[in-house]
Amino acid sequence: MNNLESFPPHFRNLSHHQPPSPAPEDGGNPTKYLESLPVIDLQNLNNDKNKLEEACNNWGLFRLVNHGIPSSLLSQLHEQTKQVFSLSYESKKASCDGSNVNYFCGSTALTPSGTTIPTERHNTNFFEGFGIPSDQLSKFHPQLPILESFRVLLVEYEKHMSRIATTLFETVVKNLELEKEESKYKLEDKTGLFRVYRYLHCPDPDGGLGLAVHTDSSVLTILNQEDEVSGLEVLRDHQWLTVKPISNTLIVNIGDLMQAISDDKYKSTLHRVKVDKHKDRVSIAYFMYSGEGVKVESSKYKPFTANQFLAQVQQDIETIGHKIGLSRFKRNEDN
C-alpha cells in the first residue's frame, strides 16, 4: 500500500521516499481524544430519540452502534480499499476515464469534467480518493479486477447506508416537529455520494493536514473509518479533539443542509483530518443530500436547492480558494 508508484506525483517528493517507520513504543505525543461522544443505538432508536436530539443539538455528531451492517462486510471494505489505493496512481486515475466516478488528490473540489480545483495553499492536503455517486454504482464497470470487486462491495454497502440515513433523518425530522415537511425533504437514494479516502502518512504531520478544516455540505454524513489509525478531529470547547476509531461503529455528523433545515437549531460540525506519522489511513464517507429540485426553506436562509448550494461552494473555491457555505445564503437581518 505504501509503494511509491501508488502516490500521486506531487506527493512522491514530500518525505515519502521511505516506507513508514515503526511507531515509537511510547506512542509519541499523546493524542487528545474526544471523551463522552454521544452513542446512539439504531436498533433502539425509539427509546433514544431524546438522546439523538441532544446529540444533534449540542454536538453535531455521534457514534452509531447496532447499525445492522455485518462486521464481515466492513472488514472486506477496509481491506479492499487498501488494495485499491495500492494500485499505481496512473491506473487509478485512468480507471475513472469516461465515467461519472472521479479520482482526486489534494482537493475534493472538482470541475464537471473531474479536474481537481486548487484550494488555498496554506497547507498541503495529504490525501487521494474516489468520488462515487450512488446512482452510478450500477453503471461503473472498471476493467481493473480489484476496483470491480470493490464496486460490488459498495453496491451492498450502499443499501445499508441508504437505510441508515433514511431512518436517522425521519427521526430527526420528527424531533424538529417537521413531520409536515417530511415528504418534501425526503431523502432520495440517488442523491447519495461516496468518497473513499486514503490519507498518506507524513513524518512531519505539522507540515500539512489530511483534510483542511471544513463543514460538510450534506444533510447527513456517515463515516466508516478503520480502527487502527485515528485522524478525524472535531472542534470542541475551542480545542481540536480526536474522534477515537472503534471497530464496528460509525460516526454520523450534521451537514450544512441539515443545519438550514433545522433553522440553525443543529450546527454543521466543524472538523478536519490529521495525518499519521507512521501509517496511511483509509475511510469511507457517505454523504446524503436532499432530493433533486427540493428547496430548503428556512427563516434564516434564502431558499436554495442542494444543487444550487453545491454549485455555489464550487464557484467560491474556484474564485477565492475556499468554501463560504451557508453564509452565502443568509437572509439580510433587515428583511
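Q: How do strand 6 and strand 14 pair?
A: In the antiparallel sense, over seven bridges. This is a predicted model, by the way.

Q: Which residue of strand 14 stands opposite R195?
A: A285 stands opposite R195.

Q: What sheet are these strands in, and in what order do its strands run?
A: An open sheet of eight strands, with mixed pairing. The order is 1-2-12-9-14-6-5-3.

Q: Which are the edge strands?
A: Strand 1 (39-41) and strand 3 (102-105). Each pairs on one side only.

Q: How much are neighbouring strands turned against each other?
A: By 25° on average, direction ignored.

Q: What does helix 1 touch on the sheet?
A: Helix 1 (residues 49-58) touches strand 1, strand 2 (61-65) and strand 12 (250-254). Its direction makes about 145° with that of strand 2.

Q: And helix 4, which strands does it touch?
A: Helix 4 packs on the sheet against strands 2, 5, 6, 9, 12 and 14. The direction of helix 4 makes about 50° with that of strand 14.

Q: New topic. What span should helix 2 have, and why?
A: It should span 21 Å, because helix 2 (residues 71-85) has 15 residues at 1.5 Å a residue. The end C-alpha atoms are 22 Å apart, which agrees.

Q: Which residues of helix 2 are buried?
A: L73, L74, L77, H78, Q80, T81, V84 and F85.

Q: What do those buried residues pack against?
A: Two helices are among the partners: helix 3 (89-94) and helix 4 (145-175). The strands include strand 5 (127-133), strand 6 (193-199), strand 9 (220-225) and strand 14 (281-288).

Notes. Residues are numbered from 1 along each chain as its sequence is written. This is a predicted model: local features need pLDDT of at least 70, side-chain atom pairs count only at pLDDT 80 or more; totals for chains, interfaces and linings use all residues. Side-chain values use heavy atoms; hydrogens and water are left out. Helices (H or I, at least four residues) and strands (E, at least two) are DSSP runs, numbered from the N terminus. The expected span of a helix is 1.5 Å times one less than its number of residues. Buried means under 20% relative accessible area, exposed over 50%, partly exposed in between (1.4 Å probe, protein chains only). Contact means heavy atoms within 4.5 Å. Two strands pair if DSSP finds at least two bridges between them. Axes are lines fitted to C-alpha atoms, for helices over the stretch in contact, and angles run from 0 to 180 degrees between N-to-C directions.
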